Amino acid sequence: MSRLLSLLIAIALVAPSLPLLDDELRADEWLEFRGVGGASRVKEGSLPVELSAADVRWSVDLPGRGLSGVLVVGDRAFVTTSEGPTQDRLHLVCLSASTGKILWDRQVWATGRTMCHPKTSVAAPTPCSDGKHVYAIFSSNDLVCFDLDGNLQWLRGITYDYPNVSNSLGMSSSLLVTGDTVIVPVENDSESYSLGIDAATGENRWRLDRPKGANWTSPVILKPGLVALQSKKGIDAIHAADGSTAWSYTEGADTVSSSALADGVLYVPSNGITALTLDPADPAKQPTQAWRENTLSPATASCVVAGDALYTINGAGVLTAGDRETGKRRWQLRLQGPYSGTPVTDGKHLWAVNEAGLVQVVELGAKEGKVVATLDLGDEILCSPAAADGALFVRSNTKLHKIGR
Amino acid sequence: MVPFPRFLTGACAVASLLLVGGGVVVASPVTDSLPALRAVDHEGKGNAAAAKAWGVIAAADASALPDILAAMDGANPLAANWLRAAVDAVVAKAGGSAKLPVDSLVRFLGETKHDPRARRLAFDLVKGADPTRADTLLDGMVEDPSVELRRDAVAKVIARAEGLKTAGKKEEALAAYQKAFAASRNVEQIQTLATAIRDLGGTVDLTRHFGFLRNWQIVGPFDNTEGKGFAAVYPPEEKLDLSASLDGKEGKVSWQPVETGDEYGIVNVNLTYPPPAPPADAPPAEGPKEGLKGVIAYAVTEFVSAEDRPAEIRLGCKNAWKIWLNGTPVFEREEYHRGMEIDQYRMPVTLRKGPNTILVKICQDEQRRPWTTEWEFQLRVCDDVGTAILPPASPPTVAK
């Protein structure tokens, strides 16, 4: 019996709440950046492999630009945009996931700085949802909570509260909600924090001093109420309720690509990829290092995990498959890059959308990968796709596309 | 908190008449709910009460829009956002722009005492309902206190100028471009106009238009090894004596006058403190010549104001920095090499009549990458619209 299989059995027996088991992958939901556990994983067979122009079910003009990812909650899709000469008009847009019709659009004005690198946007971070509300943040650190019908529940101006929370290149860390706490990472060179915010009122539960340094990575839920915050120093597991630290991994980590959790193992972009095995009985205990493989270094896109492998894309657009049990590299395949967004996988195939808007479907074999389908959207795509309702949702600076059923 | 102006201009559709103390008072669920939105403040204060009130306001008839917009006057940015989102809900409930009270919104737009962003929002609502009317309104807005309304009005002047240019009427085109340039407060628009005017043989004084400060006294370098100099207090922070000889990083240093010739006011500290010459046998360097590393300089200037007045100091800088006005700290930021642009940082200040001392601490770190060479800043003084505040008898910029 392999160590991985032993681990999976142990997780199933001892800690059924641990992500990422198949029964947690709901076909109609994509509630956060890169989906459950940040592993960008969908149920096997839930996305179309053969792609043609007819598979673009709808493309809808968006009121503004952005590169944040899409959320799908039931039949509703949510996306953020920013517009205006200084991108200070911030939108949260709700659309019908089946038709693309815009159901509502709510705006607020930026209360923080909107300067950012021209390639990114003020609408860079991906919102999150608890299934009843949508929590959205922007590079200006304006944070809003609406219910699914567009009723404003609360809002915050994090830079209005703490004036040196900003990044002149732009902020992009995405939100998470776990239990009744919204995790808000606003880490930067100067006044660097992560906050735990009461999901009901928008008030601070805690505000944690974090390493000073620009940080574009996003957190991961390790188990309900426990999140991993990534920084240049490594990983800190934080109790969402009070901000206390459960454990720390201090051997450094990337500040662009984020970690991914699958089946009780956290894959950290640290010295390549470092696999940290969580304690199956209590993920709040210090994890053990399963392996480290420096040939698996990701670039901007984060690693994805499914089946018995994990996948990374480097700066040259080369897709690398690694063995989840050992980290050993299995094969490489040069794709047409470059990539800003993280691909989606079901373990059998991988859907990667490059910056030029070319969707490449890769068949994932044990010994090799093969591109089996492509679809050119003809639109610059910098977001990480969402997957729900048998389709991919990808957005550009002008449009939101639904590809699939 | 600015007192809430109870403009009861349009909420009557949702109002009822009550007899209170023998008098008639107009009670409106909307106007009664607006103070809760205006009461929100830092760190989520007032959110719970605001959420309840928001539901009432969002359910209002479109006739309440002028009241909701007027509530933005003097509101803090968070309160303005609660109101902003309510406007979207009210418009959606009304069934779209076509069913809005356009005349009331035009009246609101015409009253420049109102919050500039609220007026811009009113304009957008009018534009959605009647684009032709909105376009006509822009003709009177080239000097509008709303930067965005002014920008769109100036864009119309630019379009006319381009038409004249295409028609071969160069003199008239130049005059139109110059009118647009004088009115514009948008950086990209100003730069585009400067090019257009120069292409037609005209002249522009960008330094004066923006109000960039060109003349400084600079002293340095002081030590910033491991970034520790940012928090360190060197003599210029304690006492400004331009004749003093100070202990620098590698010996005595003294103040030097610097006048930048850059039309966008960029003060390049590397020019004042160039790096040591490389050995004679060193190979030619690739890329930009690297300046000093792990160092700090101070720059000071005197800005004469004709009156006591509110103003903004606007800074562009990709190095860590601190600013003092008349000895009082204004703001500081410890961030290196993440980019620089005009008006990157806007700092509201109060100028006093007569001379004002502006002191800038500019820090260079120890990164050695092609994009970490710059050690520079650009600073201007203007009002909240972006109009340059010029010292009395300020002469035109002489090209250097």
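Modeller: Arg120(B) counts as buried, because it has 22 C-beta neighbours inside 10 Å and the cut-off for buried is 20 or more. Its place is in helix α6 of chain B, which covers residues 116-129. If you set aside neighbours within four places in sequence, Arg120(B) is in contact with Ser146(B), Glu148(B) and Leu149(B). For a sense of distance, take Asp205(B), which is 85 residues away from Arg120(B) along the chain: their C-alpha atoms are separated by 29 Å.

Now zoom out to chain B. It has 400 residues, 40% of which count as buried. Its secondary structure comes to 13 helices and 14 strands. Along its principal axes, the C-alpha trace spans about 90 × 60 × 40 Å. As for how the chain contacts itself, take the pairs at least 6 apart in sequence: 69% of those contacts join residues at least 24 apart.

On to the nonpolar packing. The largest core holds 185 residues, and the members that touch the most others are Val227(A), Leu37(B), Trp82(B), Leu83(B), Ala86(B) and Val90(B). Helix α4 of chain B, residues 77-94, supplies the largest share of this core, with 11 residues. Two domains of chain B, domain 1 (11-138) and domain 2 (147-204), both give residues to the core, so it lies between them. As a general point, nonpolar side chains tend to be buried together in soluble globular proteins. There's also a second, separate core of 40 residues, and its members include Phe303(B), Trp321(B), Trp324(B) and Cys363(B).

Over in chain A, Val227(A) is worth a look. Beyond four places in sequence, the residues that Val227(A) touches include Leu176(A), Ile183(A), Val220(A), Leu222(A) and Ile238(A). Thr178(A) and Pro219(A) are also among them.

How do the two chains meet? On the chain B side, 31 residues are in contact with 31 residues of chain A. The elements of chain B that give two or more residues to that side are α2 (47-58), α4 and α8 (147-166). Of these, α4(B) again turns up with the largest share, 10 residues. Sorted by class, the chain B side has 12 nonpolar, eight polar and 11 charged residues.

The hairpin of β20(A) and β21(A) has four residues between its strands. One of the residues in that loop is Asn271(A), and although it isn't a glycine, its phi is positive, about 55°. Asn271(A) is partly exposed, because 15 other C-beta atoms lie within 10 Å. With 17 C-beta neighbours inside 10 Å, Asp343(B) counts as partly exposed. For background, most residues other than glycine have a negative phi, and most peptide bonds are trans.

One joins Gly337(A) and Pro338(A), with omega about -5°, and Pro338(A) is in the loop between β26 (329-334) and β27 (344-345) of chain A. Another joins Gly220(B) and Pro221(B), again with omega about -5°. In this case the proline, Pro221(B), lies in a strand, β3 of chain B (residues 215-223).

Last, a word on confidence before you set anything up. Chain A has a mean pLDDT of 93, and 93% of its residues reach 70 or more. Residues 1-21 of chain A are where to be careful: pLDDT stays under 50 there, although the model has 35 contacts beyond four places in sequence for that stretch. Where pLDDT is low, the predicted coordinates should not be read in detail.

Conventions: Residues are numbered from 1 along each chain as its sequence is written. Chains are lettered from A and ligands numbered from 1 in the order in which they are written. This is a predicted model: local features need pLDDT of at least 70, side-chain atom pairs count only at pLDDT 80 or more; totals for chains, interfaces and linings use all residues. A nonpolar core is a set of buried Ala, Val, Leu, Ile, Met, Phe, Trp, Tyr and Cys residues joined through C-beta atoms within 7 Å. A residue is buried if 20 or more other C-beta atoms lie within 10 Å of its own, exposed if 12 or fewer, and partly exposed in between; C-beta atoms are placed from the backbone. Domain bounds come from an automatic or database domain assignment. Two residues are in contact if their C-beta atoms, placed from the backbone, lie within 7 Å. Ala, Val, Leu, Ile, Met, Phe, Trp, Tyr, Cys and Pro count as nonpolar, Asp, Glu, Lys and Arg as charged, and the others, Gly among them, as polar. pLDDT is the predictor's confidence in each residue, from 0 to 100. Two strands pair if DSSP finds at least two bridges between them.
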